[in-house]
Amino acid sequence: HARPARPRRDFWLVTAALALALNVHFVTSVLVGAIALAFALRLALAGDRAGTLRIIAALAIAALPLLATTAIQLSRIEANTRSFWITGGLDAARWAIQGPVEMALAANWPIADLGIAGIALMAAEAWHQRQAAEPLGIVIALAGGCVLGCVVLVGLHLWRPLLIERYLLPIAMPINLALALGAARALRQLPGLAATAAAVAILLAALLSLRMGFAEATNRP
């Protein structure tokens, strides 16, 4: 049986999740806000006016604490960053974004390869059917949100330096979600034994990546 619709409960769950994500770090706040707006735009283009308004309302409520504290602290933040330890300029911003994106893609090569192949399959199906399936729509919204967030962050960085690699690490999450959606589509295309072998490879690569990441983190000063 289909799960009964609970729009009020879902609205407050999304609002709570956004409120938590918006208060991790300022850079994360920009990325999360941009991704939420990309999903709102996706629903608007699909003609879902009610869904669009729900996402915008959830984002507005969730952002209230961030907006209030930023309004209070903005003058001090602006003064403190006139002479700052973070390197400014477009090149520094580019490397700060490129590093975490490359790390996200390299962290688990089986899921990255399958994910890219699966996204290509979904795109080909959408081209032939003249209609994008739900997973592809989510991938496009995630990608669009990441691009929008990075454009805003680069603009802010050119005004006052704020981007370094570790601040951009949360961008791995939407990238990994998009790859997981693509990998799920690719796995459905494989015969049973090959799909099982690919799933085992993904699991082993994940465990190896966790081990290597833990060792790297603990060895840093």
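Analyst: Helices α2 and α6 pack at an angle of about 140°, with their axes 7 Å apart. The axes are lines fitted to C-alpha atoms, for helices over the stretch in contact, and angles run from 0 to 180 degrees between N-to-C directions. Helices here are DSSP runs (H or I, at least four residues), numbered from the N terminus. With that angle, α2 is oblique to α6, where under 35 degrees counts as roughly parallel, over 145 as roughly antiparallel, 65 to 115 as roughly perpendicular and the rest as oblique. The crossing of α2 and α6 is right-handed; a crossing is right-handed if the near helix is turned clockwise from the far one by less than a right angle, and left-handed if anticlockwise. By class, 17 nonpolar, four polar and two charged residues make up the contact of α2 with α6. Here Ala, Val, Leu, Ile, Met, Phe, Trp, Tyr, Cys and Pro count as nonpolar, Asp, Glu, Lys and Arg as charged, and the others, Gly among them, as polar.

A word on the source: this is a predicted model, in which local features need pLDDT of at least 70 and side-chain atom pairs count only at pLDDT 80 or more, while totals for chains, interfaces and linings use all residues. Residues are numbered from 1 along each chain as its sequence is written, and side-chain values use heavy atoms, with hydrogens and water left out.

Now for the other partner of α2. The axes of α2 (residues 26-45) and α3 (residues 49-80) come within 8 Å and cross at roughly 165°. That makes α2 roughly antiparallel to α3. In this pair the crossing is left-handed. On the α2 side, S29, G33, A36, L37, F39, A40, L43 and A44 meet G51, T52, I55, I56, L59 and L66 of α3, contact meaning heavy atoms within 4.5 Å. These residues divide into 10 nonpolar, four polar and no charged.

The cut-offs are under 20% relative accessible area for buried, over 50% for exposed and partly exposed in between, with a 1.4 Å probe and protein chains only. Leaving aside residues up to four places away in sequence, E78 touches W159 and R160.

The buried residues of α7 are A172, P174, I175, A178, L179, G182, A183, R185 and A186, and what covers them includes α2, α4 (90-106), α5 and α6 (134-159). The 18 residues of α7 should span 26 Å at 1.5 Å a residue, and its end C-alpha atoms are 26 Å apart, which agrees; the expected span is 1.5 Å times one less than the number of residues.

Helix α8 (residues 192-219) can be checked in the same way. With 28 residues, α8 reaches 41 Å from its first C-alpha to its last, close to the 40 Å expected.

Finally, a backbone detail. R130 sits in the loop between α5 and α6, and its phi is near 55°, a positive value in a residue other than glycine. R130 is exposed, with a relative accessible area of 63%.

Notes:
Helix = DSSP H or I, 4+ residues; strand = E, 2+ residues; numbered from the N terminus.
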